[in-house]
Each structure stands twice: as structure tokens, then as C-alpha cells.
There are 2 protein chains.
Amino acid sequence: MPDTKPRANGERVLADLNALRSLGAYKTGVHKPTFSEPHKQSLDWLVQKLPEAGLTGAIDGIGNILGTSAKAGPKLLAGSHLESQNYAGWLDGPLGVVYALEAARVLNTDPSVKGAVEVAAWCDEEGHFGSFLGSRSYVGQVTEAEIDAARDRTNGRTMRDALTDMGLTGRARIAAEPGRHVGYLEAHIEQGDTLESGKLAIGVVTSIVGIWQYRINFAGEQNHAGTTRMAVRKDAGLALAKFCVAVDQRFPAACGPRTVWTTGRITLDPGAPSIIPGGAEMLFQIRDDNPAVIARLEELLRTTADEANAKGPCTVNVERIRVGAPAMMDSRFQDAIEAASKAVADGRSVRMPSGAGHDAQMLAAIMPAGMLFVPSIGGISHHWTENTADTDVVTGAQVFVDACRRILAG
Amino acid sequence: MPDTKPRANGERVLADLNALRSLGAYKTGVHKPTFSEPHKQSLDWLVQKLPEAGLTGAIDGIGNILGTSAKAGPKLLAGSHLESQNYAGWLDGPLGVVYALEAARVLNTDPSVKGAVEVAAWCDEEGHFGSFLGSRSYVGQVTEAEIDAARDRTNGRTMRDALTDMGLTGRARIAAEPGRHVGYLEAHIEQGDTLESGKLAIGVVTSIVGIWQYRINFAGEQNHAGTTRMAVRKDAGLALAKFCVAVDQRFPAACGPRTVWTTGRITLDPGAPSIIPGGAEMLFQIRDDNPAVIARLEELLRTTADEANAKGPCTVNVERIRVGAPAMMDSRFQDAIEAASKAVADGRSVRMPSGAGHDAQMLAAIMPAGMLFVPSIGGISHHWTENTADTDVVTGAQVFVDACRRILAG
């Protein structure tokens with residue numbers, strides 16, 4: 001019996017992605033910050049595309065788009081984001097929106113499919129003005145006061161001014177309608193090299209890792225770099241370097257198989273070439289999808305600090321400044337993606353956590369959620385060279401559409 | 001036979017130092033940046049004081065003062081600087097100027113003393129606009145182009161604007177007159193704790209250390225802090241921390257008895273909490289008065305970098321950006337200070353190098369030069385809490401005047 005199931009149109013998917021790449025093009029990627037002109041053009045582009053999928057929608061008061069369907073039956077919410085990091089890649093965000101649009105075009109117009117896919121573009125997933133403002137607004141976590149205070153991290157423009165420039169002032173924000181959706185499905189580039197190195201086509205996301213962030217301060221004694229003997233120095237910068245190395249030596253024995261930890265920022269005080277640093281600070285983060293692993297590593301971090309304090313000559317203080325609980329992806333959604341992968345991608349999939357944050361983790365707070373990944377060439381992300389092979393983009397679209405069909409079919 | 005040699009007037013010295021402290025007072029110290037109003041007031045104060053010592057002088061075109069004497073006989077140049085670091089101590093600079101003034105008051109007016117002390121205040125020793133601009137101008141090392149380009153490192157004001165505000169535009173700069181001086185003597189606070197910890201009153205400076213400075217760059221691979229597995233990371237910040245720790249472990253076995261080394265500034269690129277640093281840079285300096293020791297340590301620095309490069313995953317590049325040859329203090333000047341210390345300070349002196357830079361190292365390029373140190377309480381320097389016990393200030397003045405007398409007597 002021939003497979004007559006509805007299929008994604010790979011050429012249409014690639015054409016749409018390239019159309020979005022042409023808005024704000026930068027080298028082979030895009031520069032499309034939240035509320036920039038190319039971002040606005042991309043949102044307008046999506047609104048104009050929605051009718052092809054039997055959907056209607058507009059940009060809401062925070063820059064979200066939700067295309068809704070009048071079709072009877074279950075509704076599956078699907079989408080991602082359209083803005084980019086500064087001077088970054090063309091697929092980070094648009095891939096998930098175009099897959100959702102394609103699934104809606106294929107499934108909503110098919111009378112044999114019960115229900116419909118509704119398409120969302122969540123604003124500012126990339127955090128130019130805040131943290132997941134669009135998806136958090138949809139699930140009811142963003143106050144007007146938060147918007148009042150938000151500013152573009154690159155140029156300081158207030159979010160209120162940006163919304164005015166976008167013509168969105170006074171528009172209502174779309175809020176989740178309890179019970180409307182059977183769940184949320186999002187596709188994204190992997191942003192790592194797990195799929196590529198395993199010659200796989202699809203990542204079935206099991207969870208989105210939690211991010212625990214720490215401010216670690218070192219206090220020594222600021223002094224003259226010429227006249228202060230080595231024996232009496234209290235060099236906070238050296239204390240910090242030793243701490244980084246100790247963490248690097250100790251964490252591997254205590255971490256989980258996919259734990260990652262990063263010191264992304266180091267500041268010495270006063271930071272002058274001829275002054276022994278009296279203070280030093282590092283921003284440190286741990287990501288894992290298992291809170292027990294995080295707890296174990298935090299304990300190790302504090303033990304390492306205690307030992308450094310006991311040894312001297314500087315003091316160390318570990319302050320936890322951010323706790324992000326992992327978001328678990330719905331097991332039935334994982335099964336649906338895996339089944340779709342077997343059906344249309346020779347089963348070249350693997351279950352894996354997401355080390356990066358995504359809108360799906362916000363949606364997971366109010367409905368079942370799932371995510372699928374496609375391979376990133378070289379694992380490169382947040383850079384204009386980010387890319388995915390066209391064949392992988394098309395395969396991902398096929399799996400996505402089939403997964404949506406399976407979820408709608410229950 | 002009673003000692004009838006001319007002595008410093010301790011009360012007068014302390015009164016003068018306190019008068020200078022009252023100009024730009026900040027807590028128990030001063031805030032007296034180069035070409036600030038309190039700096040100008042301090043320069044005016046000195047010009048008005050010069051006649052008490054039989055000297056005449058004015059502020060020159062770069063903010064230097066040189067009080068000259070018409071007295072017959074040898075001339076000894078003596079002085080220091082009157083501006084301060086921002087929010088710093090009251091004695092760093094003024095001590096040496098007031099000692100010189102006191103020596104001139106005592107000796108120039110004494111007909112039994114052959115010759116005279118001439119008093120200098122060198123502008124901007126603290127480097128607000130450049131590097132030793134005043135003393136370097138006097139010895140002929142500052143071009144007009146360097147002044148054109150100089151800006152206040154705190155607020156960006158051009159040096160030309162500052163000179164105009166000071167009313168100095170168009171004034172000539174005083175230049176050294178070959179053969180006029182038998183040498184240069186400068187007193188300064190130690191800025192370290194060698195004298196205090198040894199319960200000593202006087203440091204006889206043997207040399208002013210050279211400062212070698214390096215920019216050490218680490219290149220890794222910038223990537224996403226959530227999606228990039230630990231095993232494939234090239235974290236430039238971690239490479240830097242390991243390098244700092246390696247230097248800390250290896251240098252003690254290769255350094256001289258007074259070598260110091262400092263990492264004063266660390267920068268991670270891009271320095272964001274969720275991005276693995278693709279680049280890192282540290283400013284590193286070594287100070288010693290023995291070029292052979294410096295050469296040995298630089299070799300060790302480069303060996304450490306070679307080993308890190310061989311090991312990977314990041315690359316390290318060591319670039320020497322500043323070479324400062326040590327300046328040797330004249331041995332006869334050292335003997336004169338030591339003899340004076342024996343005569344008026346119970347011989348509580350020690351010969352020691354200066355780990356900090358001073359105007360004397362510039363003057364040493366064109367004439368014999370010497371320096372003496374007085375104790376710094378707790379070794380504290382470049383901070384408003386910097387201080388020296390009054391008794392030590394007075395003892396230092398006695399030794400300074402006696403040393404000047406001995407040098408003039410040949």
C-alpha cells in the first residue's frame with residue numbers, strides 16, 4: 001500500500017527560509033535584532049503567509065504572532081521566533097516558524113486530518129530586551145512593569161519606545177486560552193555537534209536543561225605591583241585563576257554525562273597593569289537536566305570555596321544568582337517525533353536534552369511540549385556562519401509535519 | 001665637640017606637608033590629579049615658598065617648577081612631584097618636594113655650606129596624561145607631538161586644553177643645563193613594607209627596577225555555553241587561568257630575591273555569561289633590577305606558553321609590549337645617604353631597590369642620582385589611607401638634609 005500521508009514541500013520550506021534570510025541579510029546569516037526593521041518585515045511576512053494555512057493572525061502588543069484556525073478538532077500549537085542574535089545565523093528561530101507554517105499548510109487544508117496546527121512566532125527569544133518576553137507573556141508571566149523597565153541590551157532603547165516605533169502601543173497581548181491546545185511543538189537547530197558527529201538527522205529533545213548561575217567574588221588586598229613583595233600579596237586575580245583550575249579538575253568526576261559549566265566573564269578590580277587586584281569576580285554557570293547533579297556540583301563548588309578560604313590569603317564568596325529548573329518534554333511528544341523519524345528519516349534520531357534555552361520551556365509550564373532538533377554544521381551557533389545542510393532542513397520538515405500529524409491523531 | 005651641623009626643622013616640614021594636604025583634601029589623603037585646581041594651588045604654593053630658600057622659579061610650559069639659586073658653588077638638584085593619584089595619599093610626591101625645600105632653606109642660607117640645593121617639582125609623575133612627562137621633558141625626551149596627543153586618562157581632557165586652563169600655553173619648557181648640577185636627590189615614601197617590617201627608618205635606594213610588560217593572548221573557539229560539550233570546548237578563559245597558575249608555580253624557583261610579577265588585567269572575549277570565551281587577554285608585568293633575571297623569567301614565560309600551545313586546545317601568544325631598563329642609583333649618593341643615616345638616624349637604614357618608578361630614574365639618564373625612602377605604614381600606597389609616622393617624616397628630613405650637605409661637600 002503506497003504511503004499517501006501528507007508530506008512537507010521541501011522546496012517551499014527552503015524558499016520561505018531564504019525569503020526570511022533576505023530580510024536583514026548579513027554575510028550568509030542575518031542581523032535581525034528584536035524590533036529592528038528587518039524583524040518587523042519578517043513579522044509582516046509571516047502574517048501575510050498565514051492564510052495559506054487557513055490561519056488568521058496579527059502582531060500583538062508585545063510582538064508575538066499567533067495564527068489561529070477555525071477548523072474543528074484538536075489544535076496543536078507550533079512555532080519558534082523570527083528575530084536573531086546580532087550578526088548571527090539564518091536558521092536560529094525561523095526554522096521552527098517555517099516548519100510550523102509548513103505543517104499548518106499541509107495538515108490544516110487536508111480534510112482527512114482532524115484538527116489543525118496553529119502557528120506562533122514568539123518575540124525576543126534571543127533576549128535583546130529581556131528573557132523569553134514573548135512566550136512568557138503568552139503564558140502570563142510578564143507584567144506591564146517589566147515591559148516598562150526593559151531596554152535593548154545593545155543600544156539602551158526602551159522597549160516602550162521600540163513598541164511605539166513598531167506601531168504596537170495600545171495593542172492587547174495575546175494570552176494562552178486554557179484547554180485550546182493539545183500541546184506545543186517546536187523545531188530548532190541543535191546548536192551543538194551531537195547529531196553531526198553521530199551522522200543523525202533528528203534530535204528528540206527529552207528536556208531543556210536548567211541553568212544555575214553564580215557570582216563568585218574574591219577579596220584580596222589592592223596594592224602597588226612594584227613595591228609589594230610576593231610573600232605578602234593578596235592577589236584576588238590569582239585566587240580566581242586557581243579557583244577556575246580547581247573547578248576544571250574536580251567537576252568531571254562529579255558531573256553527569258551532559259553537564260556543562262562555563263566561566264563566561266572575569267573582572268579584576270581595579271584592572272590596571274601596575275596594581276595588584278584587590279577584588280575579582282567571575283560569572284559561572286552550570287547546566288544540566290538533572291537537579292540532583294546540579295545540587296552535587298553546587299556542593300562541590302562551595303567545598304572548593306571553603307577550602308580556598310581556609311587556605312587564604314584571599315577570601316572567596318559563592319553567590320547563586322539564578323536558578324532555572326529543567327523543563328521536561330512530554331513523553332508522548334517524544335514518542336511521536338521518534339515514530340515520525342522512523343517513518344520518514346530511516347530512524348536516524350537520538351533522544352537528547354537541550355543545553356540551550358527555548359520558548360518550549362516556557363510553554364511546558366502550561367501544556368505538554370516537545371522539541372525536535374536538526375543538525376548544526378560544525379555545531380556552530382550564534383554566529384553568521386551557522387548553517388544546516390539543505391537535505392537536513394528538508395528531512396527535518398518531513399519529520400516535523402509527520403510528528404504534528406501523529407500528535408493531532410492522538 | 002657639639003654637633004653644630006645644620007639640621008632640618010621638623011615642625012616646619014610637617015607644617016608644609018599639612019599645608020599641601022589641605023589643598024585637595026580627601027579623607028586623610030588628597031585628590032589632586034595633574035592640572036586640577038588643587039594641583040595648581042600646590043604649584044603656586046611652592047613658587048611662593050622658594051624665596052625662603054634663596055631660590056627663584058616659576059611654573060614652566062609643562063607644569064614643572066625649578067627653583068634656581070644664584071649662590072656660588074656646586075648645585076644639587078632635589079625634588080619630587082606635587083600631583084597625586086586619584087583619591088590617594090598625602091605624602092606620595094609632596095614629601096620629596098618639601099624635603100628638598102627644607103634642605104634648600106637650611107643649606108642655601110648657611111654661608112659655611114658651599115653651593116646650594118635647587119628644588120624641582122616634576123609634573124605628572126603619576127601619569128594622568130603620560131609617563132613621567134615633567135622629568136622626561138626636563139631631560140629632553142618629550143616632543144610637542146607627544147603633548148599634542150596626550151589626554152587625561154580619567155576624563156579624556158586633552159593636555160593642550162589643560163595647559164590652557166592652567167595659563168601655561170606659550171610658556172617655554174625648562175630644559176636641563178649640562179654641567180649645572182652635581183646630581184639629583186629624591187626622597188619618597190617606600191610604598192612597601194620592607195622598612196616597617198625591619199623597624200628601619202631609611203631605605204637607601206640602590207636601583208629603580210625595570211618594568212617589562214607583556215600582552216598574553218589566548219585564542220580558543222567562541223561557542224554556546226549550553227550546547228557545546230565539555231570534551232570539544234576550546235575555552236580561552238580557562239586556558240588563561242591555567243597559564244596564570246602555571247606561572248605562579250614556576251616563577252618562584254627562577255626569580256631573584258626581590259622580583260615581583262603581576263597580572264593586573266584580564267579580559268574575556270566576548271565576556272558574556274552564556275558564551276564560551278573564544279579569546280582572552282592578560283596584561284602581565286615583571287619587575288626586577290637585574291636584566292639577567294628578567295631575561296630568565298621571560299624565557300620561562302615563553303616556555304610555559306610553548307608547552308600550553310603543544311598541549312592545546314587553545315593557542316597562546318606572548319607579546320612583550322614594554323621594556324624598562326633598570327636605573328642604577330649613584331654609589332656615592334648611596335654612601336652619602338647611608339653616612340647621613342648613621343649620623344642622624346642611628347644607622348637604621350637598609351640598601352634596597354625601588355620596585356616603583358620615580359622621576360629619579362629619568363634624571364639618572366643625564367646625571368648621578370640617588371633616592372632615599374621613609375617607611376610606609378602597612379606598606380599601603382596609592383590609597384588615601386597611605387601614611388607615615390610623623391617621627392619617621394622628621395627623621396627622614398634630617399637624613400635628607402645631611403645627605404645633601406655631604407653631597408655638596410663632595
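The model is predicted: local features need pLDDT of at least 70, side-chain atom pairs count only at pLDDT 80 or more, and totals for chains, interfaces and linings use all residues. Residues are numbered from 1 along each chain as its sequence is written, chains are lettered from A in the order in which they are written, and side-chain values use heavy atoms, with hydrogens and water left out.

**Where the chains meet**

Start with the contact between chain B and chain A. On chain B, 49 residues are in contact with 47 residues of chain A. Contact means heavy atoms within 4.5 Å. The size of an interface is often given as the accessible area lost when the parts come together. Here the buried area is about 3,900 Å², and carbon and sulfur atoms give 54% of it. Buried area is the accessible area (1.4 Å probe) that two parts lose on being put together, summed over both.

Between chain B and chain A there are four salt bridges. A salt bridge is a side-chain nitrogen of Lys or Arg within 4 Å of a carboxyl oxygen of Asp or Glu. Side chains of opposite charge can pair when their charged atoms come close. Asp193(A) and Arg229(B) form a salt bridge.

Which element supplies the largest share of the side of chain B that touches chain A? It is β11(B), with eight residues. The residues of this side divide into 19 nonpolar, 21 polar and nine charged. In this count, Ala, Val, Leu, Ile, Met, Phe, Trp, Tyr, Cys and Pro are nonpolar, Asp, Glu, Lys and Arg are charged, and the others, Gly among them, are polar. Helices (H or I, at least four residues) and strands (E, at least two) are DSSP runs, numbered from the N terminus.

**Salt bridges in the table**

A search of the whole structure finds 52 salt bridges over all chains. Two of them are listed here.

| Residue | Partner | N to O distance |
|---|---|---|
| Asp193(A) | Arg229(B) | 3.2 Å |
| Glu52(A) | Arg105(A) | 2.9 Å |

The pair Glu52(A) and Arg105(A) links distant parts of the chain, 53 residues apart. Glu52(A) is in the loop between α2 (37–49) and β3 (55–56) of chain A, while Arg105(A) is in helix α3.

**Annotated sites in chain A**

An unreviewed UniProt entry lists His81(A), Asp92(A) and His188(A) under "binding site". Such annotations may be inferred rather than shown by experiment; feature names are shortened, and positions are in the numbering used here. These residues are spread over 108 residues of sequence, but their largest C-alpha distance is 9.8 Å. His81(A) is in the loop between β5 (75–80) and α3 (94–108) of chain A. Asp92(A) is also in the loop between β5 and α3.

The unreviewed entry also gives "binding site" for Asp92(A), Glu126(A) and His382(A). They span 291 residues in sequence, yet no two of their C-alpha atoms are more than 9.8 Å apart, so they gather at one spot.

**Backbone details**

The peptide bond from Asp269(B) to Pro270(B) is cis, with omega near 5°. Pro270(B) lies in the loop between β11 and β12 of chain B. The bond from Gly312(B) to Pro313(B) is cis, with omega near 0°.
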